[in-house]
Each structure stands twice: as C-alpha cells, then as structure tokens.
Amino acid sequence: MAGSESNVVVNGTQVSFLEANCEEIPEFLGERYGKIAKRLDLSYNQLRSLEALKAFTSLEELIVDNNLLGNDLQLPRLQHLHTLTLNKNLITDIEILLDHLSEMTPSLEYLSLLGNEACPNELVSQDKDEDDYQRYRYFVLHKLPNLKFLDARKVTRKEFEEAKTRGAFMKVVKPKDDKESLGRKGASPEMPYTPLPSGSRDPKNHKGVFAKCQYIYYGKHSEGNRFIRDDQL
C-alpha cells in the first residue's frame, strides 16, 4: 500500500493525509490519530474504500475530494460528523448515497458533491442547466432535511419548503453510460478527471472550491475545502 507517515500533517485535532496514492486508509492512521482527529482531510489519493474510518470515533469534518469513491461507498456510523465533502469522485447514483448518509451521518449539515456525475450541473455536463441543478438540490434536501449548506450555497427557507412538498419527485436521472464516465476518470491515474478550475487541482495548495459556476469560494487557507459559516463572516 502506498503512503507513509511522511504524508501526514497534524495540527491539533486536524489531520491531513494528502497525495499518498492510497486506495484504502492505512491502518496506522487510525491507530495513531483515530481518537484525536476531529477534522480529517484525505484528498488527492486514489481511495476506493473508507472502511478504516471506523477508527475515527470523534470525527466532525471529513474531506475526501479527488479520489475514486463510487456508488459502493460505505461509511461507518459517524455520529458527530457535520461536514462532508466528496467533490470530484466517481459517484453517479445520488439516491444510494443519500440513503446511506441519512443512516450513517445523522448530524450532517454541510455537504458538497461537486464534480460527480450525481451532481448535475455544467461542471460535469454541458447539457445540464440551472433547473437541473435546482431539482437536484430539492431531492437532496428531501433526503437530508437537516442540511444547512449544499455545495456552494446556503440552504434557503424557500428551498427547504419546496423540498418538503416536491422533493420526493425531483430524483435526478442516473447517467445512461456509467462505464464511459468511469473510463474517462480512470484513464489517467496520475491526473484524475476534474471539471473544476485548475486552481483547485494543486494538492500542495488545497484551497476550497465550493461552487456551481458563478458560486465560487476560494478559501484563504490551504487547509482543504471548507464551508463559510455565519460565525466566520
């Protein structure tokens, strides 16, 4: 397995393990940091499994952008997790993911899925528009009614009310050819497919990019993706 302790950066309860080319989370990471980590950034790897997260019992924020996580994603129950970013992975079936998150992450309030086929906007498909994206938001909020932030936008009261009344009927149709999508992303393991701006691709300067085109946030700190909350303004 690729990756070593040299890839680990620890700052208090924040643990980063970037650019290690791992397909699974190394055991030593959980053994050494599982009990202290509240924020874990595993971006820019080749992760296909998050099974080892069961060792991270106090986790509140999880960032796994730029990996190879697909519809078979399985999380342990993360009771305290409030923030999850899965940007630029291989997720195509939104309903499977949302049902799983509803069961395993009961405290989730901040979620970002940009750059996945399951998140229908111009970043992944030119034939998607704002209406497609808004329907996706209603469906997500129907499944996860406790969300405060989805992708780049704060959830509005109007969206919440619309999701309660119509969200169940807004299911996003799964792309016709999953194999083509997987082939495109898996064609170059050294440079995973990414539809987002080039500024978000540098793992040594991992800035937050929560956006759908005009909704772009470039974080001031290279500490991984993060949402802007009211107390940070």
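Predicted model: local features only at pLDDT ≥ 70, side-chain atom pairs only at ≥ 80, totals over all residues.
Student: How do the strands go together, and which ones are called edge strands?
Tutor: The eight strands form an open sheet, ordered S1-S2-S3-S4-S5-S6-S7-S8, with mixed pairing. Strand S1 (8-11) and strand S8 (153-154) are the edge strands, as each pairs on one side only.

Student: Why do S3 and S4 count as paired?
Tutor: Pairing takes at least two bridges between the strands. Strand S3 (residues 39-41) is joined to S4 by three bridges, so the pair qualifies. The two strands run parallel.

Student: What stands opposite arginine 39 in S4?
Tutor: That's glutamate 61. Their side chains also meet in a salt bridge, at 3.6 Å from N to O.

Student: How many salt bridges does the structure hold?
Tutor: There are 10. One of the links is a network of salt bridges that takes in Glu95, Asp99 and Lys143.

Student: What does the salt bridge between glutamate 109 and lysine 148 tie together?
Tutor: Those side chains meet at 3.7 Å, N to O. Glutamate 109 sits in the loop between helix H2 (94-104) and strand S6 (110-112), and lysine 148 in the loop between helix H3 (130-143) and strand S7 (149-150), so the bridge ties together parts that are 39 residues apart in sequence.

Student: Why are glutamate 109 and lysine 148 called partly exposed?
Tutor: That label covers values between the buried limit of 20% and the exposed limit of 50%. Glutamate 109 has 24% relative accessibility, so it lands in that range. Lysine 148, at 44%, does too.

Student: What about aspartate 132 and arginine 135, how far apart are they in helix H3?
Tutor: They are three residues apart, which puts about one helical turn between them. Their side chains meet in a salt bridge at 2.6 Å, N to O. Aspartate 132 is buried at 17% relative accessibility, while arginine 135 is partly exposed at 36%.

Student: Now asparagine 67. Where does it lie, and why is it called buried?
Tutor: Asparagine 67 is in the loop between strand S4 (61-63) and strand S5 (83-85). Its relative accessible area is 2%, so with a limit of 20% it counts as buried.

Student: What makes polar contacts with the asparagine 67 side chain?
Tutor: The cut-off is a pair of N or O atoms within 3.5 Å. The backbone oxygen of leucine 42 lies 3.1 Å from a polar atom of that side chain, and the backbone nitrogen of glutamine 46 lies 3.4 Å from one. Beyond its sequence neighbours, asparagine 67 touches several residues, including Tyr44, Lys88 and Asn89.

How values were computed: Residues numbered from 1 in each chain as written. Heavy atoms only, no water. Helix = DSSP H or I, 4+ residues; strand = E, 2+ residues; numbered from the N terminus. Buried < 20%, exposed > 50% of the residue type's maximum accessible area, 1.4 Å probe, protein only. Contact = heavy atoms within 4.5 Å. Polar contact = N/O pair within 3.5 Å; in protein donor to acceptor, adjacent residues only side chain to side chain. Salt bridge = Lys/Arg side-chain N within 4 Å of Asp/Glu carboxyl O. Lists of a residue's contacts leave out its neighbours within four places in sequence.
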